[in-house]
Amino acid sequence: MSGFLEFEGISKSFGDLKALDNVSLSIRQGEIFSLLGPSGCGKTTLLRICAGFEMPDAGRVLLNGKDITDLPPNRRAVNTIFQNYALFPNMTLRENIAFGLQIAKVPKKEIADRVETMLQLVQLEHHAHKRPHQISGGQKQRVAIARALVNRPQVLLLDEPLAALDLKLRQRMLVELDGIHDEVGTTFVYVTHDQSEAMGLSDRIAVFNHGVVEQVGSSTEIYEAPRTSFTAAFIGDTNFFNGRVCERIDSEYCQIEIEGLEPRLRFFNDKNLREQVRVDLSVRPEKFSISRTQPAPDPLSNTLRGTVEDVIYLGSHTKWWVRVNEEYLISVTSQHSRFLLDSKPIRWNEAVWISWHADDGYMLERYDENDEALLVLSDAGLPDDIPPDEEAE
Amino acid sequence: MKRSRLPGLTVLILLVFFYLPIVILVINSFNLHKYGGEWSGFTLKWYVRLFQDDAVWHALRNSLIIAGVSTAASTVLGTLAAYALHRSNDRFQKIHHGLIYMPLVLPDILMGMSLLLFFVAVGFQLGLTSICIAHITFCISYVAMVVLARLQDFDFSMMEAAYDLGANSWTATTRVLLPALAPGITAGALLAFTLSIDDFVITFFVAGPGSSTLPVHIYSMMKHSRFMPVINALSTLLLLVTFVAVGSSQLINKQKGADLP
């Protein structure tokens, strides 16, 4: 491996709780890498190990090829942005930003220049004389970024930096963060429990669950090709099907028999599974099309007949929950690209056909039925973009 | 709607109850009459007599020395104790907390008695030193409790931020922790000073010959009624000093408060 920042077999326990279990990650220079997972999954612990606030029980941290596992936090070329910003209340914004440089005994003239450049980067030139309690949350956030970046760290660690901001501000700061990253090109390691933040910002994401890395990949890879039921259910919404391969149609596709579901389903056999092998599948809600009439038969498409049990209209799209064969409640979303008042939308209790292409489902490597609890079910009625876990760690 | 007069009346009664005795004391300090029962003319002679009384000044000097020493010592020790109490989760810390808290609830007379017995038992000479030790003992508790309250509001991720930005423990403590705790430490020190200069019961037990503090000296003066007007004059002066001290501290706070939340 030749990553810029490497974690090798990191384990860490707090008492009986195993926060991290043999985690290995390789982060490239200059990328935005997110650690994504629910509260208590170990992502913050990994960040704190990287910053030097925690010592791993086992494993090594390498920065630019150098082992920094045992270095104290004040001797690492990494800087952290804390969830609550941790600005020093007794100093002005300018003094806050200059703090690191003063300690590094940088010449006064250079400190002044670099602080000024940073103030411009985060657009706070006119507030530099104020103290942290006199500015807004978004401004505090920007001071924290400036205070860290002014030291020109090799890696910038961000611990849920937007969790304390409201939704609109969060979205704006996300764009700003992205802009700042483009400007400075520093490697960012970004901890969050919010999938939309991670997907919007990151080059790559590591999905954490119970102290292990479930999957590493780009936003698209993780969303479209989740390896485990946890990733599939935690990132966005999905439908699970459990069955067994009953027939290989050709080298690419296979027929799958799902318990309690009438027709056999066709899926792309990307795992090249043999007949009679158990298989767990995930199909995202937006992959379905929903209609009152039976769609034209297509050998590579699956069609199911059901009844709409619940509808939520969300403006840009609508969510349906369709009951199929008593046992299955399938969630379906569809985007409204046309003016909706002109059409007659499908309503509650209507009989519908849902169909999807054989390529649009994905075979999971690992399935745990507990992960179904993460799905946005009909009763909850939550829209897509509210993360299942709103509380901060 | 007609507003009730009750709140105003209550405040008036309260003010009279609190301050009438003090007003009478101040008036009597200028009263020519020896026993202060009736007004028999204005005089400053009690003040003159007060300034000629060397014993009073000696006692005041003792009081200030003791208050200064015990404030300094208890502020340092109390702050350290509060930090230890806050940062360590050891089970001994529960006992530690109990021990620190004890002097706050223990009756003074018990503290005084036990300290006296202790000093006698170990053969310690009673005097300024013994009073200082006694005062430090109970002042530590007050300082520790005040600083602890401040510490509980302190966000320790600020310390982590300081380390993260390259600070060592010393820099992080002096530039981040101490400035944040400063109001608590100052309040603790002021409290310690007030308690020390004001203390009678404990001092009375552990004071030796020639080491009387002002409160103890005033008490001994009270036994002789001829000193009564002098005590009034002394009390009036103390009142003045207190007003000036409180007033200026509030003024300082106000100026500082301009850029604090």
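## A walk through chains A and B

A:K105 sits in the loop that links α2 (93-103) to α3 (108-121) of chain A; helices (H or I, at least four residues) and strands (E, at least two) are DSSP runs, numbered from the N terminus. Before we go on, please keep in mind that this is a predicted model, in which local features need pLDDT of at least 70, side-chain atom pairs count only at pLDDT 80 or more, and totals for chains, interfaces and linings use all residues. Residues are numbered from 1 along each chain as its sequence is written, while chains are lettered from A and ligands numbered from 1 in the order in which they are written.

A:K105 is not a glycine, and yet its phi is positive, about 55°. Is A:K105 buried or exposed? With 9 other C-beta atoms within 10 Å, A:K105 is exposed. The terms work like this: a residue is buried if 20 or more other C-beta atoms lie within 10 Å of its own, exposed if 12 or fewer, and partly exposed in between, with C-beta atoms placed from the backbone. A:E160 also has a positive phi, near 45°, and is a residue other than glycine. A:E160 belongs to the loop between β7 (155-159) and α5 (167-184) of chain A. A:E160 counts as buried, with 21 C-beta neighbours inside 10 Å.

Now let us step back to chain A as a whole. Its C-alpha trace spans about 75 × 50 × 35 Å along the principal axes, and the chain contains 8 helices and 20 strands. Of its 393 residues, 39% are buried. Among contacts in chain A with a separation of 6 or more, 67% are between residues 24 or more positions apart; two residues are in contact if their C-beta atoms, placed from the backbone, lie within 7 Å.

Where they touch, 8 residues of domain 1 of chain A meet 5 residues of domain 2 of chain A. On the domain 1 side, β9 (204-209), β10 (212-217) and α7 (219-224) of chain A each supply at least two residues. That side of domain 1 has 4 nonpolar, 3 polar and 1 charged residues, where Ala, Val, Leu, Ile, Met, Phe, Trp, Tyr, Cys and Pro count as nonpolar, Asp, Glu, Lys and Arg as charged, and the others, Gly among them, as polar.

Next, a strand to follow closely. In β3 (residues 32-36) of chain A, 5 of the 5 residues are buried. In a regular strand the side chains alternate between the two faces of the sheet. Here A:I32, A:S34 and A:L36 point one way from β3(A), and A:F33 and A:L35 point the other way. Strand β3(A) runs parallel to β8 (residues 187-192) of chain A, joined by 5 bridges, and A:I32 has A:F188 as its bridge partner there. Strand β3(A) also runs parallel to β9(A), through 4 bridges, with A:A206 as the partner of A:L35. Two strands pair if DSSP finds at least two bridges between them.

Chain A also holds an open sheet of 5 strands with antiparallel pairing, in the order β13-β12-β11-β14-β20. Strands β13 (265-268) and β20 (361-364) of chain A stand at the edges with a single partner strand each, so one side of each has no neighbour in the sheet.

What lies between the domains? The largest nonpolar core has 100 residues, and A:C50, A:L157 and A:V189 are among those with the most contacts inside it. Such a core is a set of buried Ala, Val, Leu, Ile, Met, Phe, Trp, Tyr and Cys residues joined through C-beta atoms within 7 Å. Helix α4 (residues 137-149) of chain A gives the largest share, 6 residues. Both domains of chain A give residues to this core, so it lies between them. Leaving aside neighbours within four places in sequence, A:C50 touches A:V61, A:V78, A:L157 and A:V189. Apart from this core lies another of 34 residues, including B:I66 and B:V143.

Finally, chain B meets chain A through 17 residues of chain B and 19 residues of chain A. On the chain B side, α7 (157-164) and α8 (169-198) of chain B each supply at least two residues, and α7(B) gives the largest share, 6 residues.

How values were computed: Domain bounds come from an automatic or database domain assignment.
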